[in-house]
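Please look over the following protein chain before reading the report, which moves from the overall fold to individual residues.

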Amino acid sequence: MAAAVRIQKELAQMLTNPPPLISVEPVYGDLFQWEATIEGPPNSPYEGGNFHLRIKFPEGYPFSPPLVFSRTPIYHPNVENSGDVRVLHMEDLELSIGISLTQKDKDWTPCVTVEEVLLAIQALLAAPNPHHAIDSTIAQQYMDDRAAFEETARFWTRKYAMRE
């Protein structure tokens with residue numbers, strides 16, 4: 001019950017005052033599953049793309065963090081591509097918001113909102129963190145050949161995140 005109240009409050013806040021370039025809506029009216037869209041940040045290889053995320057809230061939210069899955073393939077060192085579901089590892093958002101977001105980590109705090117999580121993901125799109133990479137090959141390319149990384153990321157953005 002407490003989770004539903006908190007989620008409803010956060011949803012209302014994001015619908016009335018959405019952060020720039022981010023939108024959310026419940027999936028089929030399910031308060032515990034949201035579809036979020038983050039527009040690619042300006043001046044990044046993701047600019048112009050719409051990146052769709054699925055957010056699943058556990059029953060213990062906000063005392064347990066939400067799970068976030070990228071539904072849009074993305075060429076990024078901090079996003080894992082695992083078959084049809086691309087998982088964003090929450091611990092990679094730690095540097096963006098200053099705490100770890102893993103369910104196992106005692107540093108998760110119920111003070112963090114989904115809006116802050118989405119803003120942290122948006123920040124990672126603008127500034128990948130190769131030192132906490134999930135995909136070491138992409139991270140190495142990002143550090144060694146930024147132009148090739150950006151070209152590939154732009155290609156993936158055009159192919160998967162832009163609709164004609």
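Among contacts in the protein chain between residues at least 6 apart in sequence, what percentage join residues at least 24 apart? The share is 52%, where a contact means heavy atoms within 4.5 Å.

## Basis of the model

This is a predicted model, in which local features need pLDDT of at least 70 and side-chain atom pairs count only at pLDDT 80 or more, while totals for chains, interfaces and linings use all residues. Residues are numbered from 1 along each chain as its sequence is written, and side-chain values use heavy atoms, with hydrogens and water left out.

## Overall make-up

The protein chain contains five helices and six strands, these elements being DSSP runs numbered from the N terminus (helices are H or I of at least four residues, strands are E of at least two). Along the sequence they follow the pattern α-β-β-β-β-β-β-α-α-α-α.

Of the 164 residues in the protein chain, 45% count as buried; buried means under 20% relative accessible area, exposed means over 50%, and partly exposed lies in between, with a 1.4 Å probe and protein chains only. The protein chain exposes about 8,800 Å², of which carbon and sulfur atoms supply 52%, the areas coming from the Shrake-Rupley method with a 1.4 Å probe.

## Strands 1, 2 and 3

Strand 2 (residues 30-39) pairs with both strand 1 and strand 3, pairing being assigned if DSSP finds at least two bridges between two strands. Strand 1 (residues 22-27) runs antiparallel to strand 2 and is joined to it by six bridges, with V24 standing opposite A36. Strand 3 (residues 50-56) is also antiparallel to strand 2, over seven bridges, and here W34 stands opposite I55.

Because seven of its 10 residues are buried, strand 2 is largely enclosed by the rest of the structure. Strand 1 and strand 2 form a hairpin with two residues between them, and Y28, in that turn, has a positive phi of about 50°. At 85% relative accessibility, Y28 counts as exposed.

## The nonpolar core

In soluble globular proteins, nonpolar side chains tend to be buried together. A nonpolar core is taken here as a set of buried Ala, Val, Leu, Ile, Met, Phe, Trp, Tyr and Cys residues joined through side-chain atoms within 4.5 Å. The largest such core in this model has 32 residues, and those with the most contacts inside it are I7, W34, I55, F57 and L118. At least two residues of this core are supplied by each of helix 1 (2-16), strand 1, strand 2, strand 3, helix 3 (114-126), helix 4 (136-144) and helix 5 (146-161).

## Salt bridges

Side chains of opposite charge can pair when their charged atoms come close. A search of the whole structure finds four salt bridges, each defined as a side-chain nitrogen of Lys or Arg within 4 Å of a carboxyl oxygen of Asp or Glu. One of them joins R6 to E10, with the closest N and O atoms 2.5 Å apart. Both residues lie in helix 1, four residues apart, or about one turn of the helix, and both are buried.

E35, R54 and R71 are linked in a network of salt bridges. The side chains of R54 and E35 meet at 3.1 Å, N to O, and this pair links distant parts of the chain, since R54 is in strand 3 and E35 in strand 2, 19 residues apart. R54 counts as buried because its relative accessibility is 16%, and E35 is likewise buried, with a relative accessible area of 14%. The side chains of R71 and E35 meet at 3.3 Å, N to O; R71 lies in the loop between strand 4 (67-70) and strand 5 (79-82), 36 residues from E35. With a relative accessible area of 47%, R71 is partly exposed.

## Backbone details

Most residues other than glycine have a negative phi, and most peptide bonds are trans. L21, in the loop between helix 1 and strand 1, has a positive phi near 70°, and at 31% relative accessibility L21 counts as partly exposed. A cis peptide bond, with omega about 10°, joins Y61 and P62, and P62 is found in the loop between strand 3 and strand 4.
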